[in-house]
Amino acid sequence: MQASDTTAQAFHITHTSGVVNHTITPPASKSESNRVLVIDALTGRKSQLDNLSNARDTQTMIRLLDSDSNPVWDVLDAGTTMRFLTAFSAFNGKPREMTGTPRMKERPIKLLVDALRELGAVIEYKEKEGYPPILIHPFKPELAKTDYIKIKGDVSSQYITALLMIAPVLPKGLTIELLGHVGSKPYIEMTLRLMEHFGVTSEWKDNIIKISHQTYKPAQYKVESDWSGSSYWFSVAALAKEANIELKGYVKNSLQGDHVIVDIMDQLGVKTEFTADGLKLTKQPVKGNLVWDFTDCPDLAQTVAVILAAKGVEGTLSGLQSLRIKETDRIAAIQNELRKFGADMIEIEKDVTYKVVPGTFKVDGQSVHTYEDHRMAMAFAPLALLGKVTIEEPSVVNKSYPLYWEDLKKVGFMF
Ligand SMILES: O=C(O)C1=C[C@@H](OP(=O)(O)O)[C@@H](O)[C@H](O)C1
Ligand SMILES: C=C(OP(=O)(O)O)C(=O)O
């Protein structure tokens, strides 16, 4: 079976030598790409955006922004595309239906819709109250009813990013008061830093972010490689017998919060050195059991849970509260699949804190169900360094890392 045959039902994967000494360029960040695309659309499309991601989520964003006259925008399973384009469309002056996959119809959007309604937007739910699909009626930014809104910070930062990006376009700008604990905070910081790159300043003090009415300025921007996507290479380095892996396209002062994978993996057996154009990963001894809060970096939780189990190290993962509303219920998915290998992730505090217990972890031909979640496939595939493993529905990786299987193949994984 070819790794490029993404229609295959399952990949049976092995790696005979266990040695990985290669250079890889992971895809560009879909989070950065999707932000600069929306900012560019609000700037009259005059910027030069380099190295946009080939992730399906970004390609969907590009395709939809290119079809402004299309009354139905189907984002498929892309959370950022759904949330960012909902706020964008609310003030675009055109009628629009925003829809997506069956799973997207289960991912909440109420907090964002409520905030946009307060601003004056007219939005209806087509099926279930609080969830896509939604119908957005024409409305102009000049008619915005308020310049101050409150929104809960602990459900999805994507709602906040969506509102921030349209804030300078509103006649009086927008002040957002974040209520409660703020999750995925580095993603909000990334938004503000990218807005600044395109000429818009903001002020964030305590729980209040203030943006005055301003005009975005076209600029050149080059998207960095994806740090969430790098995590699977940290996993390969951790599980290989020998590893010397170079990852291209990364910078030390990244806008992406997931660069904390460097610190997490420093404890779990991977040493990182920054090079002129990326990273070099080599093996080092595991330093001890891991205790980590994933509130700021939820997309790394699956990778780290699998590495802990495979390395036979216990670890406590907290801050997992947003995992249940992502591409799948990621807490249940990790538990189900780790159990197939003799390990477990046990509940310490419901929905928030879990402990990975390696138990009798062994890789011997198990089949991993991927729940339409790219990160389930990518987090479990490196286990092929320890034995034969099957990954079901491998095409799920297209959402963020379409060439993942080709890249694994380049470093000796066999399908
Ligand atoms: O803004 C972004 O680009 C993202 C924010 C995070 O979502 P939440 O804010 O919903 O945690 C993250 O999980 C997602 O993959 C990308
Ligand atoms: C949660 C993710 O994406 P989104 O919410 O944008 O669908 C992800 O890529 O892990």
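Predicted model: local features only at pLDDT ≥ 70, side-chain atom pairs only at ≥ 80, totals over all residues.

Residues are numbered from 1 along each chain as its sequence is written, with chains lettered from A and ligands numbered from 1 in the order in which they are written.

Start by colouring domain 1 (10-27 + 225-410) and domain 2 (30-222); such bounds come from an automatic or database domain assignment. Their C-alpha centres sit 29 Å apart. Where they touch, select 18 residues from domain 1 and 22 residues from domain 2, counting a contact when C-beta atoms, placed from the backbone, lie within 7 Å. On the domain 1 side you get 6 nonpolar, 7 polar and 5 charged residues (Ala, Val, Leu, Ile, Met, Phe, Trp, Tyr, Cys and Pro are nonpolar, Asp, Glu, Lys and Arg charged, the others, Gly among them, polar).

Next, show the "binding site" positions from the unreviewed UniProt entry, including Ser184 and Asp299; such annotations may be inferred rather than shown by experiment.

Zoom to Ser184, in the loop between strand E10 (174-179) and helix H6 (185-197). Helices (H or I, at least four residues) and strands (E, at least two) are DSSP runs, numbered from the N terminus. Ser184 counts as buried because it has 26 C-beta neighbours inside 10 Å (buried takes 20 or more other C-beta atoms within 10 Å). Leaving aside neighbours within four places in sequence, Ser184 contacts Ser157, Asp296, Pro298 and Ser322.

Finish at Asp299, in the loop between strand E17 (290-293) and helix H9 (301-311). Is Asp299 buried or exposed? Buried, with 26 C-beta neighbours inside 10 Å. Beyond four places in sequence, Asp299 is in contact with Ser228, Asp258 and Arg375.

Note on methods:
Contact = placed C-beta atoms within 7 Å. Buried ≥ 20, exposed ≤ 12 C-beta atoms within 10 Å, placed from the backbone.
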